[in-house]
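This briefing covers how the parts of one protein model meet, within a chain and between chains.

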There are 2 protein chains.
Amino acid sequence: MSHVLTVDLTTREVTVEDTASHSGYPTMTLEEMSAAILVPLMNADFNRTIVQRGVDLTDLACLPISTGWYGKVEENRRLIKVQCYSAKDTVNFYMRPIEGLTVLVDLDTRQVLEISDKGGSIPIPKAANTDYRYSAQKPNQVLKLLKPISIEQPNGPSFTVEDDHLVKWANWEFHLKPDARAGVIVSRAKVRDPNTGEFRDVMYKGFTSELFVPYMDPTDAWYFKTYMDAGEYGFGLQAMPLDPLNDCPRNAYYMDGVFAAADGTPYVRSNMVCVFESYAGDIAWRHTECPITGMQIREVRPKVTLVVRMAASVANYDYIIDWEFQTDGLIRVKVGLSGILMVKGTSYENVNQVSSPENLHGTLLSENVIGVIHDHYVTFHLDMDVDGSDNSFLKVNLQRVQNSPNESPRKSYLKATKTVAKTEKDAQVKLKLYDPSEFHVINPTKRTRVGNPVGYKLVPGGTAASLLDLDDPPQKRGAFTNNQIWVTSYNRSEQWAGGLLVCQSQGEDTLAVWSDRDRPIENKDIVLWYTLGFHHVPCQEDFPIMPTVSSSFDLKPVNFFESNPILRTPPNVETDLPVCVAAASA
Amino acid sequence: MSHVLTVDLTTREVTVEDTASHSGYPTMTLEEMSAAILVPLMNADFNRTIVQRGVDLTDLACLPISTGWYGKVEENRRLIKVQCYSAKDTVNFYMRPIEGLTVLVDLDTRQVLEISDKGGSIPIPKAANTDYRYSAQKPNQVLKLLKPISIEQPNGPSFTVEDDHLVKWANWEFHLKPDARAGVIVSRAKVRDPNTGEFRDVMYKGFTSELFVPYMDPTDAWYFKTYMDAGEYGFGLQAMPLDPLNDCPRNAYYMDGVFAAADGTPYVRSNMVCVFESYAGDIAWRHTECPITGMQIREVRPKVTLVVRMAASVANYDYIIDWEFQTDGLIRVKVGLSGILMVKGTSYENVNQVSSPENLHGTLLSENVIGVIHDHYVTFHLDMDVDGSDNSFLKVNLQRVQNSPNESPRKSYLKATKTVAKTEKDAQVKLKLYDPSEFHVINPTKRTRVGNPVGYKLVPGGTAASLLDLDDPPQKRGAFTNNQIWVTSYNRSEQWAGGLLVCQSQGEDTLAVWSDRDRPIENKDIVLWYTLGFHHVPCQEDFPIMPTVSSSFDLKPVNFFESNPILRTPPNVETDLPVCVAAASA
């Protein structure tokens, strides 16, 4: 049973103790996870199995796998499943599964409850070619493809960080906070209006609320792999120090996280977040007059952005989360996926041995290694405050209108129809390519000079949708992915899309449940939710470590400014640029 | 009547003269366009109208607007519609339409055929705040937001350009050619296999085949605005010299285009294309071991790419086309939209004066200025040669499978089913979010070590689909947008998705017609076609010049390499990076 205690910080007393509201358990502590993976080793049956598989116990590397919830009475205690790998001859033990062996452990008592072993005949894949460390590569195989390249700012960065958390850059200011569960929280984001010089509210708070990563293999050792990385593992807890010069460019500023250990002791996660200015050679706006008019005009402005980055390594997978601020008022939220696949052992060494390759549940990546098909959903809580806290959600739907023959030589055109969502159910959105809409968060009480309501629009990207059965237990727990977009009435207890207590939750505290209350959302303090989705069918290029795949969505001003807010920014000129020499010649 | 002549370069004789095959006329020459916009000025009625509108004839700026085709007998000659603007007090005449005035001109005889004037009561919008030039901004309003920032390569670039056209960079080589119609043609792109050191074919030829830009206003002065910018205006003809330091970073290489004038005289379009290495601070791949395993591992590789860029200014609009090559084998094709909107004059000064705002066909951007809703479709010809010319098109479809209760605690999972397209109709693809697929071009005769066919996959992006009536005349001409993906059997005459002769074409020579022949495409030399789409509902931020909006799609190796091809590349180290000082202190 979970206890949710409310503490009065002044009196230092517990004012509420809630044990009845919800199923589920809190985020695992790092100490619990580290302890859980050692439990099987104290079990003689387990050790015998490992030795039978030909693995030396000292080569064992194990992972704590969240169990989900499947409605059995035995699940009414805190559970973890432990799966193990051989780390012999490689640090990339993830590629060497001891397939089919799952140990069910009581997370509180640290006892083995059950050992399931259905993979005895499956060989452990070879270690060869799995180590990804630079130091492990053979010198004659190293590919030095490129000469040095760097983003340089000889006059220093254009941003400041005040009080360790308040970032000021160009026309933006916002607060930044590392968080054990969310990773990074961006709050009180404001942008300066070029006409008035005033800062205007855009977003009260934005963060990664939950992730949902269901694997697509219903067999015994795999069906339960339906991770919810923020609520189960702590997305911030799993964020490690960033690598200067590689995770972020040379010009980055680093911020530490301060978290509590299981016993309450504070500890520092150094360099957990970086902030840097990025210039990729892109164009903020341009126009050249063309040969037709013959006017000699060429006006181009370079695009420089500010990036806030963290990277969480939830065991095998690495998630790179970027919040990118543009001077034109746009905020781009980008999720990059890299790291290492969760793979399945198999006796197959070649696809030609497989009679029905589609029953592999994935792709044969190397001899005896299957990359299992899975999805990633990353759900963002976006508490928009467009020029104030009370906003509305406006759909601008584009639909074909047919002309009658004497109306126009054209038979058809697209017309935009605007609808303000009255209640939460009006704002449950499944994206449709053939019935397209724009999605605006507007301030209905504030209009531009010519009368448009000021707003920001959500520009979707990474639009993969969950296709699991709505009654499938994982999908009930991950029901916040039933729609790509939701808008809820602000409620301080509704921060975590999968619920406050996510481990073994039963799905009664999700965003889907809150939204189905159908509260009014017109001209209210509202929260926008967006889910970035990826279907991942692995391929051999993902072995033994995956090149980054990214998707992003944008929050973009729409009639928020009276006109282009970066009209009056100057172009680059040569005399502003640095003078550089090669490091070796310095 | 168009004459298509085939010339034998050896004998210098015309071997074929074809006048009968197709409707439509060739791309307009710059000289024709420049001449056409002067024709109305020689008409007394036109000049009287202009003066009545209060515009001085010396302030007139006019544009040649392609007429499309609407099935009338009067259209059986080369036509152009001229619309004019007031350039008084601004270079941004596009924001000052003389609304409702359309002059139909014979492009060959340069005669006025018809003047349609239905906008007499509509005021010409004011010039104030429309000039976007830096020199026209008031010094006290200039926003210097940022200190200098630059991409620096003190040891020089990592690419070479041989014979003016052959680009070699990292593990890539490809040929680059400016083209009057397509803009830029990338051909014979090959990537080096890290295991064998051999170059392997990826793409024989890729280019912007056609654009389709229908505006969504059926009224007299607007219905015909359904541009096909490559075939009508020449996407390369409209590409102007790039602005060093702003269109491309400091480290860019520039390439000239050489085109023929109307009389055959060659001329040089200088700096039309740039090539540069980009580093935005992104991550090529990474993994950090997390606190659970306790292993001290942090391996991260920075992502550096090579960008080929051109920018075409087709009158008001600017299209930025990037071909971006990554060391992991991925090619990203990105289209950026900037420049200036095509706007409509109106008597409205505020939305509160409008009884049915949805009938505006757009957004009130400023007093008397409507930004009209429109779409952009950019169709790419991608003649893939994955390890040789004969390839197949494989769809990998993900579908939900329901489990029976005793099979698994899970009720459902996704399964991948592969289907090879036998004929062209099998490969007509409308993207579906709830029936997702991957789209592979594979070489069915070549397999990886573990037996997967080698391939490249098309990763869609910018998925807006045309929703016009299929029988609408513009949609018949732009029928290549009826599907987002097509695959055709290679035919040297099928290069231009809207047909060879696009001006006033009737749609009988489009990609849709070719594909409906339903030729076999399995294990053949095939061409992949992809259309990037944008719906554009303008907003005030687009006035008076638009911040760039971009979309992209990827061509990505899928079981093409045996494993991650950049596993063995080294990380950045400080001693490699340049030493820079501020320009002022140099």
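Buried area is the accessible area (1.4 Å probe) that two parts lose on being put together, summed over both. Chain A and chain B bury about 17200 Å², 58% of it on carbon and sulfur atoms.

The model is predicted: local features need pLDDT of at least 70, side-chain atom pairs count only at pLDDT 80 or more, and totals for chains, interfaces and linings use all residues. Residues are numbered from 1 along each chain as its sequence is written, chains are lettered from A and ligands numbered from 1 in the order in which they are written, and side-chain values use heavy atoms, without hydrogens and water.

**Domains of chain A**
- Chain A is divided into domain 1 (4-131) and domain 2 (159-585), with bounds from an automatic or database domain assignment.
- The contact (heavy atoms within 4.5 Å) takes 41 residues from domain 1 of chain A and 47 from domain 2 of chain A.
- The C-alpha centres of these two domains lie 30 Å apart.
- On the domain 1 side, Trp69(A), Tyr70(A) and Met95(A) lose the most area to domain 2, together 18% of what that side buries.

- One salt bridge (a side-chain nitrogen of Lys or Arg within 4 Å of a carboxyl oxygen of Asp or Glu) is found across the interface of domain 1 and domain 2 of chain A.
- Asp220(A) and Lys118(A) pair through their side chains in a salt bridge, at 3.8 Å, N to O.

**Chain A against chain B**
- In all, 193 residues of chain A are in contact with 192 residues of chain B.
- The interface of chain A and chain B holds 16 salt bridges.
- One salt bridge joins the side chains of Lys144(A) and Asp576(B), at 3.4 Å, N to O.
- Strand 15 (residues 266-288) of chain A gives the most to the side that touches chain B, with 14 residues; strands (E, at least two residues) and helices (H or I, at least four) are DSSP runs, numbered from the N terminus.
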